[in-house]
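Dear colleague,

I am handing over the structure below, together with an account of what was found in it. Please read the notes alongside the coordinates.

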Amino acid sequence: MEPTTDRLKTPRAAGMAGVAFALLLGAAIVLMRISVPAGDAAAAATIDPDRRWAVQLALQIVPFAGIFFLWFMGALRAHTGEAEDRFVATVFLGSGFVFVATLFAAAAATGTVLNEETPSDFGRHYAYTLLATYAMRMAAVFVLATSMIGRTLGVFPRPLATLGTLVGLVLIVVGSGVPWSELLFPAWALIISLYILRVRRTASPANRSGPP
């Protein structure tokens, strides 16, 4: 009975961490988007002075989003167990770690730009490109790898795995070309997390009613 109970804690942890990550990253993206003009990187490099508070608040949120993402990623990997494909799992881990590193690097670069008396165009371009292009590309690879693992092991139903594949393809092809497309990643994480929580909630009564 105890091993089964311990195993059920992992999906619940993954779901709760995923919800926290999705909400925090979504809030950070919205705050960044309302503080810079929509469009290409050249236009988005200019920060509205009256909305610098939004960027500063987003920078305070990003570290917590990264922490919850690592917890979410680790719990998801533990849930797949020994049956996971080693090649896809390597891509899953690599893309997740690079995403967090790029996200933190973009936040650090943005913070440096905000503290400058006369921010340079290079610094603003660098910070924006790290976040909107490279971080989102790594997020796309993570979504694709997770969806492939979920479909192969039967962890996710086919519609959910298909949704993840579509989200990953859109993120990797569109990138920062379409404003607000970055929200697809936290939206996908939220859907996955809510599904995991629902599965855990339905599995718990069945486990309690089983043999001791």
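Predicted model: local features only at pLDDT ≥ 70, side-chain atom pairs only at ≥ 80, totals over all residues.

Over residues 206-212 the pLDDT stays under 50, and for this stretch the model has 6 contacts beyond four places in sequence. For the chain as a whole the mean pLDDT is 78, with 72% of the residues reaching 70 or more. Among the helices, confidence is lowest in α2 (residues 41-44), which has a mean of 48, and highest in α6, which has a mean of 91.

As for the overall architecture, the chain contains 7 helices and 0 strands, so that the pattern read along the sequence is α-α-α-α-α-α-α. Of the 212 residues, 43% are buried, and the chain exposes about 10,700 Å², of which carbon and sulfur atoms supply 67%. Among contacts with a separation of 6 or more, 79% are accounted for by residues 24 or more positions apart.

The largest nonpolar core has 44 residues, and the members that touch the most other members are F21, L25, F69, F99, F185 and W188. At least two residues of this core come from each of α1 (2-35), α3 (52-80), α4 (86-115), α5 (121-153), α6 (158-174) and α7 (184-208), and α3 gives the most, with 11 residues.

At 1% relative accessibility F99 counts as buried, and, leaving out residues up to four places away in sequence, F99 touches F21, L25, F69, A135, M136, M138, A139 and F185.

The aromatic rings deserve a separate look. The count comes to 13 aromatic pairs, and one of them is formed by F21 and F99, an edge-to-face arrangement with 6.4 Å centre to centre and 90° between the planes. Because F21 lies in helix α1 and F99 in helix α4, this pair ties together parts that are 78 residues apart in sequence. F21 is itself buried, with a relative accessible area of 0%. Ring pairs also link F21, F69, F92, F99, F142, F185 and W188 into a cluster.

A135 is found in helix α5 and is buried, with a relative accessible area of 0%. Apart from its neighbours within four places in sequence, A135 is in contact with F99, T102, L103 and L130. The C-alpha atoms of A135 and F104 are separated by 9.5 Å, although these residues are 31 residues apart along the chain.

T146 is likewise found in helix α5, and at 4% relative accessibility T146 counts as buried. Not counting residues up to four places away in sequence, T146 touches L76, F92, F156 and W188; of these, F92 and W188 belong to the ring cluster described above.

G150 also has its place in helix α5 and counts as buried, at 1% relative accessibility. With residues up to four places away in sequence set aside, G150 touches V155 and F156. G150 and L76 are 74 residues apart in sequence, yet their C-alpha atoms are 9.8 Å apart in space.

Finally, T110 is found in helix α4 and is buried, with a relative accessible area of 9%. The side chain of T110 reaches the backbone oxygen of A106 at 2.8 Å, while its contacts, not counting residues up to four places away in sequence, are with M32, V55, L59 and A127.

With best regards

Methods: Residues numbered from 1 in each chain as written. Heavy atoms only, no water. Helix = DSSP H or I, 4+ residues; strand = E, 2+ residues; numbered from the N terminus. Buried < 20%, exposed > 50% of the residue type's maximum accessible area, 1.4 Å probe, protein only. Contact = heavy atoms within 4.5 Å. Areas by Shrake-Rupley, 256 points an atom, 1.4 Å probe, with all protein chains shown as cover. Core = buried A, V, L, I, M, F, W, Y, C linked by side-chain atoms within 4.5 Å. pLDDT = per-residue confidence, 0-100. Phe/Tyr/Trp six-rings, centres within 6.5 Å; stacked < 30°, edge-to-face > 60°. Polar contact = N/O pair within 3.5 Å; in protein donor to acceptor, adjacent residues only side chain to side chain.
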